[in-house]
Amino acid sequence: MALLDELKADQLAARKLSDRLKADVLTTLIGEATQITTEEFKRGVTEVTDEKVVATVAKFLKNTKLTLENLATERARLIETGGDASKVDERTKAAETELAILSSYGPKQMTEAELREAINDFRAKNPGANVGAIMAHLKTSFGGQYDGKAASALAKA
């Protein structure tokens with residue numbers, strides 16, 4: 001079953017179970033993944049591939065992780081100033097649930113050790129490779145399977 005079909009089936013199931021958060025996340029994800037840009041259309045792209053869906057899931061995962069980081073910062077600021085952090089806690093719980101939902105559709109993420117090994121293997125085969133070359137290799141070989149910030153930090157080390 002294509003990933004898009006799986007998303008649609010799971011969205012329908014979530015609606016039937018009145019799981020509003022999951023249904024909303026999947027609706028938004030499906031909408032974003034199925035958009036074909038003008039440039040893609042000009043190149044003859046008329047259908048959504050699993051690669052495009054995976055890339056969209058990866059984008060959503062990145063944004064949700066960023067949201068969680070921002071919420072943690074905001075919560076710390078509120079606690080420090082004696083403010084009420086209950087609304088931030090609610091949003092954090094929702095974002096964590098969203099992250100769990102999205103993670104189930106994304107590719108398996110590389111561990112830091114696996115990422116380090118991939119970078120070291122590339123360096124061994126390409127002595128003197130710069131950070132840009134390493135990052136380009138990772139993108140072509142492992143696109144969507146690693147954290148870009150962590151990869152960049154390891155490539156620079």
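User: Where does S18 lie?

Analyst: S18 sits in the loop between α1 (3-16) and α2 (20-33). Do keep in mind that this is a predicted model.

User: Why is S18 called exposed?

Analyst: The label exposed needs over 50% relative accessible area. S18 has 64% relative accessibility, so S18 counts as exposed.

User: What makes the phi of S18 worth a remark?

Analyst: Most residues other than glycine have a negative phi. S18 is not a glycine, and yet its phi is positive, about 60°.

User: And K139, why does that residue count as exposed?

Analyst: The same test applies, with the cut-off at over 50%. K139 comes out at 62% relative accessibility and therefore counts as exposed. You will find K139 in helix α7.

User: Now the charge pairs. How many salt bridges are there?

Analyst: The count comes to five salt bridges. Let's take some of them in turn.

User: What makes K59 and E32 a salt bridge?

Analyst: The rule asks for a side-chain nitrogen of Lys or Arg within 4 Å of a carboxyl oxygen of Asp or Glu. The closest N and O atoms of K59 and E32 are 2.6 Å apart, so the pair meets the rule. This pair links distant parts of the chain, as K59 is in helix α4 and E32 in helix α2, 27 residues apart.

User: Why are K59 and E32 called partly exposed?

Analyst: Partly exposed is the band between under 20% for buried and over 50% for exposed. K59 has a relative accessible area of 40%, so K59 belongs in that band. E32, with 29%, is partly exposed too.

User: How do you know that D89 and R75 form a salt bridge?

Analyst: Their N to O distance is 2.5 Å, and the limit is 4 Å. D89 in helix α5 and R75 in helix α4 are 14 residues apart, and this pair also links distant parts of the chain. D89 has a relative accessible area of 31% and is therefore partly exposed; R75, with 35%, is partly exposed as well.

User: What about R77 and E74?

Analyst: They meet in a salt bridge at 2.6 Å, N to O. Both lie in helix α4, three residues apart, about one turn of the helix. R77 is at 43% relative accessibility, so R77 counts as partly exposed, and E74 at 29% counts as partly exposed as well.

User: Why is E98 not given a salt bridge?

Analyst: The nearest side chain of opposite charge, R91, is 4.3 Å away. Leaving aside residues up to four places away in sequence, E98 touches L21, V25, T64 and R91.

User: One more topic, the largest pocket. How much space lies in it, and which residues are closest to its centre?

Analyst: About 740 Å³ of space lies in the largest pocket. Of the 25 lining residues, A58, K62, Y146, D147 and G148 are the closest to its centre.

User: Which element gives the largest share of the lining of that pocket?

Analyst: Helix α4 does, with eleven residues. By class, the lining has ten nonpolar, six polar and nine charged residues.

Definitions and conventions: Residues are numbered from 1 along each chain as its sequence is written. This is a predicted model: local features need pLDDT of at least 70, side-chain atom pairs count only at pLDDT 80 or more; totals for chains, interfaces and linings use all residues. Side-chain values use heavy atoms; hydrogens and water are left out. On a 1 Å grid over the protein atoms alone, a cavity is a set of points where a 1.4 Å probe fits but cannot get out, and a pocket is an open set with protein on both sides within 12 Å along at least five of seven lines; lining residues have an atom within 4 Å of a point. Grid points are joined across faces, edges and corners, and a volume is the space filled by probe spheres set on the points. Helices (H or I, at least four residues) and strands (E, at least two) are DSSP runs, numbered from the N terminus. Ala, Val, Leu, Ile, Met, Phe, Trp, Tyr, Cys and Pro count as nonpolar, Asp, Glu, Lys and Arg as charged, and the others, Gly among them, as polar. Buried means under 20% relative accessible area, exposed over 50%, partly exposed in between (1.4 Å probe, protein chains only). Lys and Arg count as positive and Asp and Glu as negative; His and the chain ends are not counted. Contact means heavy atoms within 4.5 Å.
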